[in-house]
Amino acid sequence: MAPTTADRSPLVAHVIHRLDYGGLENGLVNLLNHMPAERYRHAIVCLTDFNPEFRRRIRRADVEVHALRKREGHDWGLYGRCWTVLRRLRPTVVHTRNLAALEMQGPALLAGVRARIHGEHGWDAQAAGNPRHRRLRRLCKPLVGRYIALSGELEAYLRDAVGVPANRIARICNGVDSERFHPGRDRSPMPLGFAPPDALVVGTVGRLERVKDQSNLARAFIRLVESVPETRRRLRLVIVGDGSLRAEVENLLTEAGLRDLTWLPGARDDVPELLRGLDVFVLPSLAEGISNTILEAMACGLPVVATAVGGNAELVVDGLTGRLVPAGDPAALAAAIQTYLDDPGLLDAHGVAGRRRVEERFSLDAMVAAYLAVYDAQLNDGTSPLPLWERGRG
């Protein structure tokens, strides 16, 4: 049987730490699901492993997922296993993401991959100024043909701290599926009786880890209920996700006697429906790149209260689509939430403005077109010979 157009399209191997619930992974899945199959094929190489439930979000049947099962510590055999997989896949493009995968640019070079791209999606609060991480990025710089930065902060870091020339950096913001994430209030996914009809339901979605700082949100919620007693009847808190911070968050709420006013359902696949059950979305992170969950909340017509870190200020317009507050400041976070209790008219005004901003500036079509342009440019720059398996293809 003659190969189809899709069979003959170039293959992109995306190298990531792990395929699981997270912003980077959501962005990757959105890209794969919406990029035309006749333009590029895709494979995912996970340095550790993948979550089978999350893997089902990939709607394309032709996407292979490989797990290299990295061992704890510095696993020297990882480089060889990555080289072996890349030699078998014969990708035209290798696209590594974040520092954890950056060193796999070496095996990609040795495997003969011509187009090598690295994306910076975000980091932990402590990682931004880490000298060792900066040295590693500088060491790997000659291996990378093109960089993709998801925020202005990351673009500036690559240019000023790592020394990447501006013409080798493409700035691409995440896009959001504004059809799947759309406005429409719906409390049905929540436990029966959890929220009274006039309740203000405040919530967040994300991994329960230190960098996301859901403990700060719990403290702000406790502070608000204790300082304004009437809010005990009207205010509810939803924290969706799982991780190492869950026990701490639950203990804070239990010790304050507010566990019955909160719902922690763990990791969920029905995020659009859960977002439509909220009135205000909160992202209390200590560090961020370009947050998918902020974009998804805005697409659902929610006002967003976020910490002024990373790319959050590039998404949330303070006073127009939500509020920006300092990181790690429960008092400021509580005050921002209280503005929506005091002035319910802001809910709709900020929500409508946020939805409009997503439609105008953060569409999936724009994101896909930008990635296609980077991939095409790397294939056509002519600075490196095609690998042997690509020569003569027409």
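**Exercise 1: Aromatic pairs.** Find how many aromatic pairs the whole structure holds, and work out how Y371 and Y375 are arranged.

*Solution.* Rings of Phe, Tyr and Trp (its six-membered ring) pair if their centres lie within 6.5 Å; planes under 30 degrees apart are stacked, over 60 edge-to-face, and the rest tilted. A search of the whole structure then turns up four aromatic pairs.

Step 1: look at one of them. Y371 and Y375 sit 6.3 Å apart, centre to centre, with 50° between the planes, so the pair counts as tilted.

Step 2: Helices here are DSSP runs (H or I, at least four residues), strands are E runs of at least two, and both are numbered from the N terminus.

Step 3: check for further links. Ring pairs join Y40, Y371 and Y375 into a cluster.

Step 4: buried or exposed? Buried means under 20% relative accessible area, exposed over 50%, and partly exposed in between (1.4 Å probe, protein chains only). Y371 has 3%, so Y371 is buried; Y375, at 0%, is buried too.

A quick note on the model: it is predicted, so local features need pLDDT of at least 70 and side-chain atom pairs count only at pLDDT 80 or more, while totals for chains, interfaces and linings use all residues. Residues are numbered from 1 along each chain as its sequence is written, and side-chain values use heavy atoms, with hydrogens and water left out.

**Exercise 2: Parallel strands.** Trace how β6 pairs with β5 and β7.

*Solution.* Step 1: strands pair if DSSP finds at least two bridges between them. Strand β5 (residues 115–120) and strand β6 (residues 146–149) run parallel, joined by four bridges.

Step 1: β6 also pairs with strand β7 (residues 169–171), again in the parallel sense, over three bridges.

Step 2: pick out Y147. Y147 is the bridge partner of H118, and Y147 also stands opposite I169 in β7.

Step 3: β6, helix α8 (residues 152–160) and β7 make a right-handed β-α-β unit (with the strands pointing away from the viewer, the path from the first strand over the helix to the second runs clockwise).
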